[in-house]
Amino acid sequence: MPEIQISEKLILFLKFIPVFLISITVHEFAHAFSAKQFGDSTAVQQGRYTLNPIKHIDLIGSLLLPFLSFFSGSFLIGWAKPVPVNPSNFRNPLRDNAIVSFAGPLSNFLLAIIFFSLSIILMDGQPKLSNIFYYGTVFNIFLFCFNLLPIPPLDGSHILFSAFPNRFTAQWLNLGLYGSLILLFFIFSPLWKYFLMIINSILSLFLIIAGMK
């Protein structure tokens, strides 16, 4: 009977799934948690105030796109279903919305630090597990930077409007489908390589601080 061969890349992808789900779930929960602190319970009412990843999974962003990007050899891209936030419930709508928007990317930066620390701790005894956490570090640095891009519907566009509330930024924030098209154009444009350079620079800083570079 022929021996079944399982791709090492597939095994790596399957092992990375828990780290991926933790990363996108914590990001969305950070939005929900901070929004609740400022008086908006929309996420609570819609069952999104939870660390259950099933509640945050987006069919395309959490399943299809990560699978395709990983196996195509490109940079792993993915996202969760956005947590609903109603800024009109905030006591100070502009300030609070900016903080709530930043909470998601900030949670990924903190996760990057945690995963990087685990990667170093496990480097000698559990090298394969260490690699998974290292990939988790890179992915969370990516989520931190990517979500701060001032392109709707990303968090950075909400921060931009809160910092500079005017007619132009209001129209920019409400581009809808056009915002997603602009984002796709950016991803497949020559500018994308400069964005990846920023991610590599932050990762290099992590390595330098750890004395590994």
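Okay, let's start with a term: a helix crossing is called right-handed if the near helix is turned clockwise from the far one by less than a right angle, and left-handed if it is turned anticlockwise. Keep that in mind for the first pair of helices. And one caveat before we go on: this is a predicted model.

So, the pair is helix H5, residues 127-147, and helix H9, residues 191-209. Their axes sit 10 Å apart, and the packing angle is about 130°. What do we call that? Anything over 145 degrees would be roughly antiparallel, and 65 to 115 would be roughly perpendicular. H5 and H9 therefore come out as oblique to each other. As for the hand, the crossing of H5 and H9 is right-handed.

Next, the surface. There's a nonpolar patch made of Leu59, Ile60, Leu63, Leu64, Phe67, Leu68 and Trp79. Put together, these residues have about 690 Å² of accessible area. Have a look at Trp79 in particular: you'll find Trp79 in the loop that runs between helix H3 (59-71) and helix H4 (93-121). Is Trp79 buried, exposed or something in between? Its relative accessibility is 35%, so Trp79 counts as partly exposed.

While we're at H3, look at Phe70, which is in that helix. Phe70 has a relative accessible area of 15%, and the cut-off for buried is under 20%, so Phe70 is buried.

Now charges. How many salt bridges does the count give? One. The partners are Arg95 and Asp96, whose side chains meet at 2.7 Å, N to O. The two ends sit in different accessibility classes, if you go through them one by one. Arg95 is at 45% relative accessibility, so Arg95 counts as partly exposed. Asp96 is at 0%, so Asp96 counts as buried.

Last stop, helix H4, where we find Ala103. With 14% relative accessibility, Ala103 counts as buried, because the limit is under 20%. If you want a distance to check on screen, go from Ala103 to Ile182: they're 79 residues apart along the chain, and their C-alpha atoms are separated by 24 Å.

So, to recap: an oblique pair in H5 and H9, a nonpolar surface patch that includes Trp79, and a salt bridge between Arg95 and Asp96. That's it from me, happy to take questions.

Notes
Residues are numbered from 1 along each chain as its sequence is written. This is a predicted model: local features need pLDDT of at least 70, side-chain atom pairs count only at pLDDT 80 or more; totals for chains, interfaces and linings use all residues. Side-chain values use heavy atoms; hydrogens and water are left out. Patches are made of residues with over 30% relative accessible area and no salt bridge: like charges are joined within 9 Å, nonpolar side chains (Val, Leu, Ile, Met, Phe, Trp, Tyr) within 5 Å. Accessible areas come from the Shrake-Rupley method with a 1.4 Å probe; for residues, only the protein chains shown count as cover. A salt bridge is a side-chain nitrogen of Lys or Arg within 4 Å of a carboxyl oxygen of Asp or Glu. Helices (H or I, at least four residues) and strands (E, at least two) are DSSP runs, numbered from the N terminus. Buried means under 20% relative accessible area, exposed over 50%, partly exposed in between (1.4 Å probe, protein chains only). Axes are lines fitted to C-alpha atoms, for helices over the stretch in contact, and angles run from 0 to 180 degrees between N-to-C directions. Angles under 35 degrees count as roughly parallel, over 145 as roughly antiparallel, 65 to 115 as roughly perpendicular and the rest as oblique.
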